[in-house]
Structure formats: structure tokens, C-alpha cells
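This briefing concerns domain contact and salt bridges. Please consult the sequence and structure shown here before reading on.

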Amino acid sequence: MQQFFLSLLASALVARTSVAAPSNWDTAYTQAKAALEKLSRSEKVGIVTGVTWEGGPCVGNTHAPNSIDYPSLCLQDGPLGIRFANPVTAFPAGINAGATWDRSLMHARGVAMGAESKGLGIHVQLGPATGPLGKNPDGGRNWEGFSVDPYLTGVGMKETILGMQESGVQACAKHWLGNEQEHYRETISSNMPDRATHELYAWPFMDAIKANVASVMCSYNKVNGSWGCESDAILNKLLKEELGFPGHVLSDWNAQHTTINSAVSGLDMTMPGSDFNTPRGNLFWGKNLEAAVANGSVPESRLNDMVTRILAGWYLVGQDQGYPEVAFSSWDGGKANVDVTADHGSIARTVARDSIVLLKNDEQALPLQAPGSLAIIGQDAIVNPDGANACSDRGCNKGTLAMGWGSGTSEFPYLIAPLDAIKEQAAKDGTTIVPSTTDEAAAAASAAAQADAAIVFINSDAGEGYITVEGHAGDRNHLNPWHNGNELVKAAAEASDNVIVVVHSVGPILLESILAHSSVKAIVWAGLPGQESGNALVDVLYGDTSPSGKLPYTIAKEFNDYGARWVDGLNDDFTEDIFIDYRHFDQNGIEPRYEFGFGLSYTTFEYADLAVSVFTTSGPAIGHVVPGGPADLFESVGTASVIVTNNGTTDGAEVAQLYLGLPESAPTTPPKQLRGFDKVDLGAGQSAQATFELTRRDLSYWDVASQKWVVPSGEFKVYVGSSSRDIREQSSFTVA
């Protein structure tokens, strides 16, 4: 598999060098301003206004001007692949990319997604996502993002955006800001404390902007009482001024509420330009915006700023040079006249494989060693009998779960189910397969009793709120396995003394019932693995690759342990403040079942010789604003390193994680926060140095009084280990 991994990275590098190198913002702005001078007012308004829902081939399209060589912009979902088009690659979800903790894989996935978008003539791909960040473990769209931790999510955003835009498509970071649940998402106000806004929810967007993301999508919800797509506080002041975002802000579909206020508050493009009704209505911009500019309600300079920002993104990624025409229509089945999938299935498989998290492995139940017989239990082991794409936007839970539901989905070109891949391996090994591909407990028990080992497949689904699946209106109603998964495991465990549980899930599920059975020897989290689901799983189950994924969130013993869930009301007051997920567990002394960053391997790793070298001074960031924020925030202030040794007999990869504890001089702060990680591949007996670069931002907290990022004075604690609680080495440094 090492050669396979090297080949896919080589493919990504070829993709990086075979596209036009992105220009910088200064050059892009110069080009945009020159083009602006040639446009009439009505043409400018057309560039910022959608042509209405279903008015063009893409989910979003703008009006093409006549005065310059600029197209009707094509905007298309989404964060794991291209919606409403085929054939395209159905990549693993963002949460799986995050679970790899592998920067190179995140980047390669972004390169491949961007290449497919460019090949289809898409100008703006609506992803990646970090809103929701995932403070609520039951949030419906958490799986579209990378992690509940802002640092890990920020890395995922950065690497994905760099990859996408290197391939020539404009990335769109979404959803800005505080879009943490699906219930009442179009009416709820996310009342966000200022410090939490900066340290948690805006943090990954800072990385996105630093990576030169071309666009940002504002969200449906209100933020502190103002609509997200027409809030001067979060669009003009926070995003564009404080974080120095030079690109354009586009609305989520129908998230605009006014003509004038949305314009002066910082919205740059309205999508889709109408509502979804027939006849189309609610055109806030278009002729209404043109009239508002003509009568002075909206300054001409504001319209010019909108257009300049939009044009600059187009120039930034080189779309003015021979960009393909749109090659599909979203409204007639999406069949493209080109095949853009290339070898991207190999990247999808590697991301899926390296995102698998081994949670439990007693008595070396895994890897499988050519068992004589194997029971495969649960409907989650097979493709939906009606077809992998039978449910619109994947809005059902039938068959194996490989992506959640909603606009962040794509069509499967194929879907390798676990049973199909296991059968292929079993044929090589001479293993007899005993299938029970329903969710009936009696059938599960019968199959388990006939085999040397039983693999039980369970799942838990979620998605976007416009679809309700089995009573779940986007957000999950509970954290239990769906389809009586606990009973399915119980039946198998009572009939067999060797049970392996595989979980396909959008997020954490409660495992206490499953862990109560001594016959359950192993638990494997496979997340939402995309089209190569079964192949990736077999790679790990049979030991071709040692599992190396780590949890991108905490798995609790009880739902209430999280201290957060979606709210049933008009206001979410974000009472968790900065204490979400592992920060909350650590702050309150709550023992998780499986902590953030946890993941077992088929080998073991030893840590030694932690070295820390940090040189900086305390005080606020005072640098000039660059894309992402004050320039000095991103300056390196030191490094840490540790020696990791594979002291087992199997090759493997380990994610060394660095957490910082701030000095006592800082206001109330989580005991430790992720501020670095390094994934190292090690042969049996090999050692390597894991390194972590620290920036001034990594050492800072947001000071509400001064409205600045501040490095506190005093002793910083450094924790390095295999998870947020498996700390192997500790050190400290002092900042004067």
C-alpha cells in the first residue's frame, strides 16, 4: 500500500503543476478594476445577482455582461463532490478527511475535487464547510466539516482550499457564521459570545482566508439578532475589516431579506436570485438594486466594491484563461458530456482507509487472519437495494451509509459495499460468508451462531433540514444507532463469542450498550467513507494497512455529558461559550468513553525526548491586517519536537498531537487546546521526529476588552501524546 499511497500523491502533484498558478490578490484586483471600468451599471448588477433558481445549468448562475469577456458564473455544491452531476467522484465526507489528521491527504482530496469542478466548467464550488463547527453532537451537518476542534478544522479548510484553487476552481468557505443546527435555521438567532466567536467559530475561517479562499457563504441564521447575510458586524467589521477578507460574500440560497440593508452590510452576491416557488419571486437585487443605486440608497462605490471582489476571485485562480464551458445541467439528470473522474477513486479510497478509527481491539480480534467462516450482519453491509442514488440528495437510510443527506452530497458513480469487498477477500482466503443483511435480531443471531466471527454493521445518519428521514429533521433526535443497532449487536453477541462492530456514522454515537457485551471484541469507526467504502474497510480489517485514523470529536458515555445539543426555540445563547467537546470534558472533569484524538493501531508507539523552543513576548497582536488577520498572528514563534518510535512488529502511522495550556494570567481557559499535530509513517522498529511549528496565534486568546489577540505572560504547559488524554510527554515554556 506504500507504493499506492506514493502514486496518489504523485497524481496530486501532477494536478498541482498542470493548472495555471493562482495569481495574488493585488494582481487580481488590478485586473478586476480594469474590467470594472468597462461595465455599465446594469451589467454590474447582473454580476452580483443570480438569474433565479433553475434559470441556468448550475444551482447558482449570474448574468453574463456583454462589455467584458466574463461568463455567467456557475456555482455548484458541494463539500465532498459535485452535486447534480455525473459521473463524478463521491469522496469521503469532510469528517473523514479530518479523521485522517493527514495534511497531504486533505490537500490531495482538494486537488481532485477542484479538478473535477474545473473539468465540468464550474467556477465556484460551494465548499469546504466549517459551519457548523459541531458544538452540538447531534447537529445535522457536522459531517460536512472536518472536526469539532477549530485548529484541526482550520488545517482541513486550508489544505482543501489550497488544493481546490490550485486546480483552478474558486473555493467557497461556508457557512459564516454560527450555523450550528438545522432546526429553525432560517429564524434562529445564534447569540455568540465574542471570545467564543473568535477562538472557536471564526478560527477556521481565518485559515481559509489566509489560504486565499475566493468566496465565503453567509448563513441563514441570525447572529446576535441580525441576519447572517446582512449583518454589518460580522460581514463588514469582522470578516472584511478585522480578518482582511478580500474576496466576495455570497448568500446561502434565499438567505437574503432586504435590498438596501444587505448591500450596505456587506453582502456581495445574492443567490439564487429568486425563491424556489413558481412563479419565481423575492428578487431583492436585480432591478431593485439598480434602482437603489440610482437613487443613492446604495452608494455606487458599494456596487463597484461588490463587482470588484467577484471579478478578483475569477482572476485570482486564472479562470480568465481558457476555462471550460459548463458541461452538464443540474435539471436534466446531470449527465456530463465529459468524464472528469480520472484516477480520483484511488484518492477516495486512501482517504476513506486512513480515516478509519479503531476504537477497541481486544484479544487481537483484528486484523482478520483468513477465518474459516464469517457472519456479515446488518443492512448497513449492502448497497441500498433500490440503488445507491435512489433517494434524492441521499435522503433516506437504506443500505450502507457512505454520506449524509442534503445539498452537500453527490451522486455515486458506484458504491463498493462492505459485503461486496469482504466477499472478494473471502474468496481469496477460502472463507465461508454467512450473510444476514436485514436488521432483524433473530436473523442476526442465527448467522452469528454459524460462523467463527461476526461483523455487525450499524449506522446513524443526519443531514440538511429540508429533508426529514425517519423523523429526524436534519439534526439527530438522539445519539443511538439507527434501526435498533444495539439490539442487532446484542443478538449477535449472545450467539457468538467473537463479534466485531463497524460503525458508519455522521458523528458520535453512544456505545455503552454495545460495550456491555463481553463478546464484542472490536469496534471500528468508518464514518462516511464515500464510494470506496468496502474496499477501504477491507484494507484495514485484514491488515493490509494498520488503522491510523483518530477521532475528530469526543465519544461520550452519556448524551448529557456533552453539555450541548440543538435547541428547540428562537435563540441559541451558546451557553457553552469556549467549552465545547473535549474542552468541556476537561474543564468539568468528565470521563469520556473515547476522547478527542483517540485511535488504536495494530502496533504500538513510544514517545521520547520532547524539546520545546519558543521565543516571543507577551502582549497584543499589532501587525497590519493581511488576509486572515493581523500579520504577526501567523508568524512562527518557535517549535516543538518529539521522537516517536514504532515499538511493535507491524508497520503503522501515528498522529502525534500537541496541546497547549495557557498561563494563569489568561482569563478562564480550557486546560489544554490542540495547537499542532504531525502524522508520521513508521516501519516496525523505526523512529522519526514529529515536529510542530507554533505561531503567535497558537499562544493567544481573544481579549474582549481590548478587542485584540493577546499572548498572556507566564508559564505555558506543553502536552504531547497520542490523544487529548493519552499524554506521553510534557514540558513548559515561559513568556515574559
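Which residue forms a salt bridge with K550? The partner is E654, with the closest N and O atoms 3.3 Å apart; a salt bridge is a side-chain nitrogen of Lys or Arg within 4 Å of a carboxyl oxygen of Asp or Glu. The model is predicted: local features need pLDDT of at least 70 and side-chain atom pairs pLDDT 80 or more, while totals for chains, interfaces and linings use all residues. Residues are numbered from 1 along each chain as its sequence is written, and side-chain values use heavy atoms, without hydrogens and water.

**Domain interface**
- The protein is divided into domain 1 (344-551) and domain 2 (603-735), with bounds from an automatic or database domain assignment.
- Domain 1 and domain 2 bury about 430 Å² between them, 42% of it on carbon and sulfur atoms; buried area is the accessible area (1.4 Å probe) that two parts lose on being put together, summed over both.
- S546, S548 and K550 supply 91% of the area that domain 1 buries against domain 2.
- The rule finds one salt bridge across this interface.

**Salt bridges elsewhere**
- The count by this rule comes to 30 salt bridges.
- D207 and R697 form one, with N and O atoms 2.7 Å apart, and both residues are buried (under 20% relative accessible area, 1.4 Å probe, protein chains only; exposed is over 50%, partly exposed in between).
- Salt bridges that share partners join R141, E144, E182, R185 and E464 into one network.
- Within it, E182 and R185 meet at 3.2 Å, N to O; E182 is buried at 6% and R185 at 8%.
- R41 and E300 also form a salt bridge, at 2.8 Å; R41 is partly exposed at 34%, as is E300 at 27%.
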